[in-house]
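These are my notebook entries on a structure with two chains in view. I write down what I looked up, in the order I looked it up.

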Amino acid sequence: MADDPDRRGFLKAATTVLGGGLGIVIVAPALRVCVAPTNAQTVTTPTDPIDIGALDRLKVGAPWQRVDVIAPVVKDAWTTAHDVPLGAAWVRRTADQQLQALSSVCPHLGCAVGFDGQNFLCPCHNSKWSDAGALVANAGPALRDLDPLPIQIVDGRLRLTWVRYKLDTAAREPA
Amino acid sequence: MKVRITEWMTERVRALSDQTRLGIPGGPSLAYVFGWVIVMFLGVEAITGAALSAFYAPSTASAWASVAYVQDQIPLGWFVRGLHYHGTSALVIVTGIHLLQTAVYGAYKKPRELVWWLGLILLVLVLGFAITGYVLRWDQAGYWANHVEIGIAASAPGGPTIKGLALGGNEYGNLTLTRFYALHVIALPAIVVIVVGAHLWTSRLHGSTPRWGRDGLAATKRWPRQTLRDVIAMAIAFAILTGYVVSQHGADLAAPADPSAAYDARPLWYFRWLFELRHLAGSYERIAALAAPVVVGGLLIGLPFVDRGPDRSVKKRIPFVAAVVGLLLVIGVLTMRSFSRDAGDAALAKRDEAAALLASRARALAVKNGVPISGAQDVFKTVPMYTARSIFETKCKGCHDAQSKDRKGPIIGAGHGNRAWFEAFLRAPSSDPFWGRTKMGHTDDAMKPVELTPAEITDLAELLYAQSGASDADATKRDRGKALFDKACTDCHSVDEGVSGGGGPGLGQLGSRDWYTSFISNPKAAIHMGKLGEMPRFDADLTITERDAVAGYLVWLRTASQADLDKLGPL
């Protein structure tokens with residue numbers, strides 16, 4: 001019986017198929033679990049405007065001022081944290097009711113951009129922008145102007161909407 | 001001595017290599033599948049464990065939260081966790097069967113002692129995985145079960161050192177988790193790989209041990225006829241595990257570990273016999289708990305030494321087989337006694353039910369609100385207005401809840417301070433829901449019912465309602481109410497901000513958050529009830545933040561219905 005080659009071949013095939021199938025059945029759910037968070041929003045930051053202080057803190061015509069953007073609530077997978085820094089923005093008041101805000105995130109690779117009184121400078125790769133946030137050509141590798149952020153005044157308070165854009169592209173697209 | 005050991009080893013290893021490699025005397029049988037089923041379950045543990053380790057965060061603040069996250073929020077997370085947890089039970093069962101079979105077959109006899117001992121070590125390692133894994137979830141069940149286990153270890157000679165090593169210091173904390181985690185995912189798996197490898201290597205060199213009486217028969221290769229049987233057995237075993245995991249919706253998860261809360265800790269079912277033994281041993285429980293494993297282990301390790309002779313037939317080895325089977329029976333009876341003791345305990349069932357309710361609340365809150373970064377225990381504080389409501393529960397309800405038997409003040413509940421409330425108050429200030437239960441309510445100091453037309457009472461109520469700053473106040477009605485107020489009420493009251501009344505309380509900003517905070521701070525202040533005040537002051541008892549939180553809750557109550565109140569959920 002054991003010597004019948006057909007039967008032996010069938011037994012071998014059956015063992016391989018059954019064994020392989022069992023392996024797949026065991027591994028599949030484990031893999032499913034590991035890839036589950038891939039496209040999920042596991043870290044939830046506020047998409048609505050965030051209060052960054054009173055309008056009074058900005059004087060008309062004063063230079064750019066750096067403000068921290070602090071989310072009231074951030075959900076990160078299993079935890080909920082309050083008052084979490086998201087990043088920083090450069091803001092100025094051009095007229096009584098007119099504001100400008102630029103993201104401090106360098107559009108090249110995301111370093112924090114500084115302001116030296118005349119220009120914006122990125123410390124990582126020397127990209128440079130004018131006082132208005134326009135890219136200074138050939139200074140560094142950044143491909144676009146600094147990213148403006150929506151800012152508005154509500155009841156005498158500054159409300160800034162925090163947006164992250166895709167890095168290292170010439171066009172500005174939300175990440 | 002050294003020479004003798006070397007000779008002993010050489011004799012066995014040479015004997016091994018002379019054996020028919022991988023052959024099975026007498027052909028394949030379903031009786032020989034258990035070893036490979038164990039390997040399959042170890043594989044299941046390794047794979048599911050790797051997946052779970054991609055989520056687990058071993059710290060006291062986050063451990064429970066990360067486990068709850070996998071269990072309740074990751075697709076199939078409950079299934080993988082269930083396989084991992086119940087897979088240990090499967091391993092204990094199949095390893096037990098495997099060892100029992102080896103004992104009945106006498107397969108531990110010379111030259112297979114090494115295979116037997118390595119198998120015993122494997123069983124101990126599986127139990128080690130169970131102990132180190134159970135605490136990682138940092139829920140009430142795992143946390144307290146670990147206290148019991150470490151408590152036993154600590155009563156052994158050198159116990160305090162063992163305890164300190166295990167916990168990483170003097171108390172349960174972050175180091176306890178990181179250390180048990182390191183043992184569970186690094187140290188034990190590494191040792192298991194070595195032991196399983198050695199076990200397989202030695203047993204393969206020997207070839208399978210057939211049932212007694214088949215020794216002389218022609219050997220056939222494992223592949224493919226025995227292998228097919230192995231794989232079929234693996235598939236059936238995995239299917240049973242899967243069915244069980246699905247029926248239980250994975251592993252349980254109790255409420256977050258709480259060092260201050262009592263919990264009926266029960267060890268995992270395969271330690272229940274020890275638990276019962278301690279119970280029976282009374283004041284000798286510590287000795288029993290330590291001695292029992294030593295006795296059982298000694299018996300199993302010693303078998304190859306006492307059961308010598310080459311004959312493996314059961315009939316010739318009745319005392320040894322009886323000893324092993326008897327041991328198993330004793331363990332079985334003790335286990336059943338432990339479970340039936342619990343099953344007959346109505347009070348325990350009630351406590352378990354309460355614990356299960358707490359667990360489901362904690363997990364529902366974790367899904368809805370996330371777990372605060374301050375720790376899993378604080379998940380209970382994520383219910384709406386937790387601070388205010390828990391203060392209200394302990395400090396206010398006795399005197400102000402409609403259900404309270406010894407209520408001493410006005411009822412405070414849904415709709416407190418809305419228009420209907422003011423109208424009812426104005427009509428009968430000393431009625432039961434208002435001043436009726438106060439001492440003042442039945443004296444001449446109490447306010448008399450307002451005798452105005454219903455329309456006028458509505459206007460007056462609007463004026464009082466408007467004091468809170470409610471945005472829906474009707475200005476026309478309020479102004480008419482102010483005219484009535486100036487005629488009828490100003491002898492005792494004022495609605496000007498910060499001005500106390502004559503004999504009665506100042507009503508400016510009545511019902512606003514600031515007014516409530518001020519009132520709670522000191523009801524006997526001149527601007528509030530003055531000498532007529534009966535409520536104690538809370539400015540020392542509660543912080544300003546707490547008083548403000550309660551005030552916020554009272555403002556919320558004004559527009560809340562009983563349904564809104566019920567929707568807040570329990571504290």
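**Entry 1: a helix of chain B**

Is α2(B) mostly covered or mostly uncovered? I note first that I am working with a predicted model. I looked up the burial of α2(B) and found 15 of its 20 residues buried, so by the count of C-beta atoms, where 20 or more others within 10 Å make a residue buried, the helix is mostly covered. I then checked the length of α2(B). At 1.5 Å a residue its 20 residues should span 28 Å, and because its end C-alpha atoms are 28 Å apart, the two values agree.

**Entry 2: chain B as a whole**

I next looked up the make-up of chain B and found 20 helices and 3 strands. The C-alpha trace of chain B spans about 120 × 50 × 40 Å along its principal axes. How does the radius of gyration of chain B stand against that of a compact globule of 571 residues? I found 36 Å for chain B, while the globule would have a value near 25 Å. The domain assignment divides chain B into domain 1, residues 28-359, and domain 2, residues 386-567. I looked up the C-alpha centres of these two domains of chain B and found 63 Å between them.

Two further values for chain B went into the notebook. Buried residues account for 35% of its 571 residues. I also took the contacts in chain B between residues at least 6 apart in sequence; 70% of them join residues at least 24 apart.

**Entry 3: where the chains touch**

How many residues of chain B are in contact with chain A? I found 33 residues of chain B in contact with 23 residues of chain A. On the side of chain B that touches chain A, at least two residues each come from α2 (34-53), α3 (63-73), α4 (77-105), α9 (225-247) and β3 (371-372) of chain B. The helix α9(B) gives the most to this side, with 8 residues. I sorted the residues of this side of chain B by type: 23 are nonpolar, 9 are polar and 1 is charged.

I then looked for strand pairing across the two chains. Strand β4 of chain A, residues 79-95, runs parallel to β3(B), and 2 bridges join them. Thr79(A) has Val371(B) as its bridge partner in β3(B), and Thr80(A) stands opposite Pro372(B).

Which strands of chain A pair with β4(A)? One is β3 of chain A, residues 65-76, which pairs with β4(A) in the antiparallel sense over 11 bridges. Here Thr79(A) turns up again, as the bridge partner of Asp76(A). The hairpin of β3(A) and β4(A) has 2 residues between the strands, and Ala77(A) takes a positive phi near 50° in it.

Another is β5 of chain A, residues 98-103, joined to β4(A) by 6 bridges and running antiparallel. In this pairing Val91(A) stands opposite Ala101(A). A hairpin of 2 residues joins β4(A) to β5(A).

I looked up another sheet in chain A. It is an open sheet of 3 strands in the order β6-β7-β8, with antiparallel pairing. Why is one side of β6(A) and of β8(A) left without a neighbour in the sheet? β6 (114-115) and β8 of chain A stand at the edges with a single partner strand each, so one side of each has no neighbour there. The pairing of β6(A) with β7 of chain A, residues 120-121, has 2 bridges. One of the pairs sets Phe115(A) against Phe120(A) in β7(A).

I picked Ala139(A), which is in the loop between β8 (128-129) and β9 (151-154) of chain A. Ala139(A) has 15 C-beta neighbours inside 10 Å and therefore counts as partly exposed. Neighbours within four places in sequence aside, its contacts are Asn126(A), Ser127(A) and Lys128(A). Ala139(A) and Leu121(A) are 18 residues apart in sequence, and their C-alpha atoms are 9.6 Å apart.

Last, I looked up the domain assignment of chain A: domain 1 is 1-39 and domain 2 is 43-160. The C-alpha centres of these two domains of chain A lie 55 Å apart.

Notes
Residues numbered from 1 in each chain as written. Chains lettered and ligands numbered in written order. Predicted model: local features only at pLDDT ≥ 70, side-chain atom pairs only at ≥ 80, totals over all residues. Helix = DSSP H or I, 4+ residues; strand = E, 2+ residues; numbered from the N terminus. Rg over C-alpha atoms; globule rule 2.2 N^0.38 Å. Buried ≥ 20, exposed ≤ 12 C-beta atoms within 10 Å, placed from the backbone. Contact = placed C-beta atoms within 7 Å. Nonpolar A, V, L, I, M, F, W, Y, C, P; charged D, E, K, R; others polar. Pairing = 2+ DSSP bridges. Expected span 1.5 Å × (residues − 1). Domains from an automatic or database assignment.
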